[in-house]
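Dear colleague,

Please find below the structure that I am handing over to you. My findings follow directly after it.

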Amino acid sequence: MRLSEFWNRMKLHFGDSYAESWARDYVIADLGGRTVNQALADGIAAKDVWRAVCGVSDVPARLR
């Protein structure tokens, strides 16, 4: 998954402004206790980060 697709899905699911806030503030255990932004900065693949987001948020099937 490309980073642009990741952010597109984040914005579709959370909304434009909340997606950025959520990615900055929400810590996900499956990402080693990192936020989305930290995980991406640490080089974790966007598809793996997206899977972690799906694991903690009620993401609709069409976006999974």
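In this predicted model, Val49 touches Phe6, Leu31, Val36, Ala39, Leu40 and Ile44, leaving aside residues up to four places away in sequence. Val49 also belongs to the largest nonpolar core, which has 19 residues. Together with Phe6, Met10, Val36, Trp50 and Val53, Val49 is among the members that touch the most others in this core. At least two core residues come from each of helix H1 (3-14), helix H2 (16-25), helix H3 (36-41) and helix H4 (46-56). Helix H4 gives the largest share, six residues. As a general point, nonpolar side chains in soluble globular proteins tend to be buried together.

The chain as a whole contains four helices and two strands. Along the sequence, these elements follow the pattern α-α-β-β-α-α. Of the contacts between residues at least 6 apart in sequence, 43% join residues at least 24 apart.

How does the radius of gyration of the chain agree with that of a compact globule? A compact globule of 64 residues would have a value near 11 Å, and the chain has 10 Å, so the two agree. The C-alpha trace spans about 25 × 20 × 20 Å along its principal axes.

Of the 64 residues, 34% count as buried. The chain exposes about 3,900 Å², and carbon and sulfur atoms supply 45% of that area. Finally, the chain carries 9 positive and 8 negative charges, whose mean positions lie 6 Å apart.

Yours sincerely

Conventions
Residues are numbered from 1 along each chain as its sequence is written. This is a predicted model: local features need pLDDT of at least 70, side-chain atom pairs count only at pLDDT 80 or more; totals for chains, interfaces and linings use all residues. Side-chain values use heavy atoms; hydrogens and water are left out. A nonpolar core is a set of buried Ala, Val, Leu, Ile, Met, Phe, Trp, Tyr and Cys residues joined through side-chain atoms within 4.5 Å. Buried means under 20% relative accessible area, exposed over 50%, partly exposed in between (1.4 Å probe, protein chains only). Contact means heavy atoms within 4.5 Å. The radius of gyration is taken over C-alpha atoms; the globule rule is 2.2 Å times the number of residues to the power 0.38. Accessible areas come from the Shrake-Rupley method with a 1.4 Å probe; for residues, only the protein chains shown count as cover. Lys and Arg count as positive and Asp and Glu as negative; His and the chain ends are not counted. The place of a charge is taken as NZ of Lys, CZ of Arg, CG of Asp or CD of Glu.
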